[in-house]
Amino acid sequence: MLTIALDLARQAGDLLRRGHQNGAVSIASKSSAVDLVTEYDLASERLLVEGLRSRFPDHAIYGEESGGALLATGPQWVIDPLDGTTNFAHGYPVFCVTLALLIDGQPELGVTYDPLRDDLFWAQRGQGAWRGQQRLRVSSTPTLDVSLLATGFAYDRASNADNNLAESAHFVTRTRGVRRSGSAALEIAWVAAGWLDGYWERGIQVWDLAAGVLMVREAGGLATTYSGRPWQPGDRNVAAANDVLHQALLQGIQTARQGLPALPA
């Protein structure tokens with residue numbers, strides 16, 4: 001299953017790379033003017049879904065574009081055929097393909113492929129996290145003041161007061177930097193690789209996170225909700241970091257969120 005997932009991620013990534021190089025992208029809005037879909041999202045998802053169904057006809061599939069629902073039992077693939085659609089639509093060179101296999105609701109394997117850099121991140125439960133053939137390990141950065149973090153902003157940021165501005169302002173002045181790439185799946189993979197020390201975000205979807213959460217855990221890090229409970233598929237907020245820095249990341253989030261509505265535990 002891992003071999004097939006790696007192959008499909010590369011095929012879908014090749015499709016996206018060609019689309020990026022061609023430059024002409026047809027864009028449509030979904031729920032809002034900032035929630036976009038392109039023909040490449042749809043073509044990439046068709047490739048992934050057809051490939052998975054032909055090989056694993058008994059497996060469920062839950063995709064960003066094709067829909068579905070999370071299942072509590074059995075094997076289920078969760079797929080994001082183009083994470084970073086807004087970047088892609090503008091020609092900004094940061095996007096990826098990501099997919100994960102859940103077994104009875106828990107990530108068993110995950111793959112994230114950055115086609116422009118030919119970076120293939122993957123993890124299998126109990127077998128470590130990898131970039132190609134290089135085993136990954138989270139950073140050893142001990143404190144926030146020397147850390148590099150990343151985050152993102154939900155599509156409802158203009159209409160929802162709980163829009164991550166408070167958390168971002170808190171960390172911008174207490175770290176070496178806060179980055180926003182526009183691809184949650186890449187950012188959490190970069191935490192597993194040790195390139196980032198931590199990542200947090202609210203309003204995120206399972207198909208963006210499932211592969212990367214497994215990578216972070218297999219690379220020795222922690223991935224929880226804002227409350228500190230281990231992240232589970234279906235949770236809409238995440239805080240991921242190395243095992244030394246994670247508690248400080250949580251404390252910073254909780255301090256910054258004082259006065260904001262409580263999120264589900």
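This is a predicted model: local features need pLDDT of at least 70, side-chain atom pairs count only at pLDDT 80 or more; totals for chains, interfaces and linings use all residues.

Mentor: Residues are numbered from 1 along each chain as its sequence is written, and side-chain values use heavy atoms, with hydrogens and water left out.

Trainee: In what order do the strands of the open sheet lie?

Mentor: First the terms. Helices (H or I, at least four residues) and strands (E, at least two) are DSSP runs, numbered from the N terminus. Two strands pair if DSSP finds at least two bridges between them. Here 7 strands form an open sheet, in the order 3-4-5-6-7-8-9, with mixed pairing. Strand 3 (60–63) and strand 9 (134–135) are the edges, as each pairs on one side only.

Trainee: How many bridges join strand 5 to strand 6?

Mentor: There are 7, and the two strands run antiparallel. V97 stands opposite Y113 in strand 6. Their hairpin has 2 residues between the strands, and D104 takes a positive phi near 50°. On to strand 7 (residues 119–124): strand 6 pairs with it over 6 bridges, again antiparallel. There, V111 has W122 as its bridge partner.

Trainee: Is L101 buried or exposed?

Mentor: Buried means under 20% relative accessible area, exposed over 50%, and partly exposed in between (1.4 Å probe, protein chains only). L101 counts as buried because its relative accessibility is 0%. It sits in strand 5 (residues 96–103). Contact means heavy atoms within 4.5 Å. Leaving out residues up to four places away in sequence, L101 touches several residues, including M1, H59 and W77. Strand 6 (residues 106–114) is mostly covered too, with 8 of its 9 residues buried.

Trainee: Which residues of helix 4 are buried?

Mentor: An α-helix has 3.6 residues a turn, so residues three or four places apart point the same way. In helix 4 (residues 165–172), the buried ones are E167, S168, H170 and F171. They lie on the same side of helix 4 because they cover an arc of only 160° around the axis. That arc is taken from the directions from the helix axis to the C-beta atoms. Exposed L165 and V172 are on the face turned away from the buried side. The cover over the buried residues includes strand 10 (148–151) and helix 7 (246–256).

Trainee: Which strands does helix 1 lie across?

Mentor: Helix 1 (residues 2–22) lies across strand 4, strand 5, strand 6 and strand 7, at about 30° to strand 6. Axes are lines fitted to C-alpha atoms, for helices over the stretch in contact, and angles run from 0 to 180 degrees between N-to-C directions.
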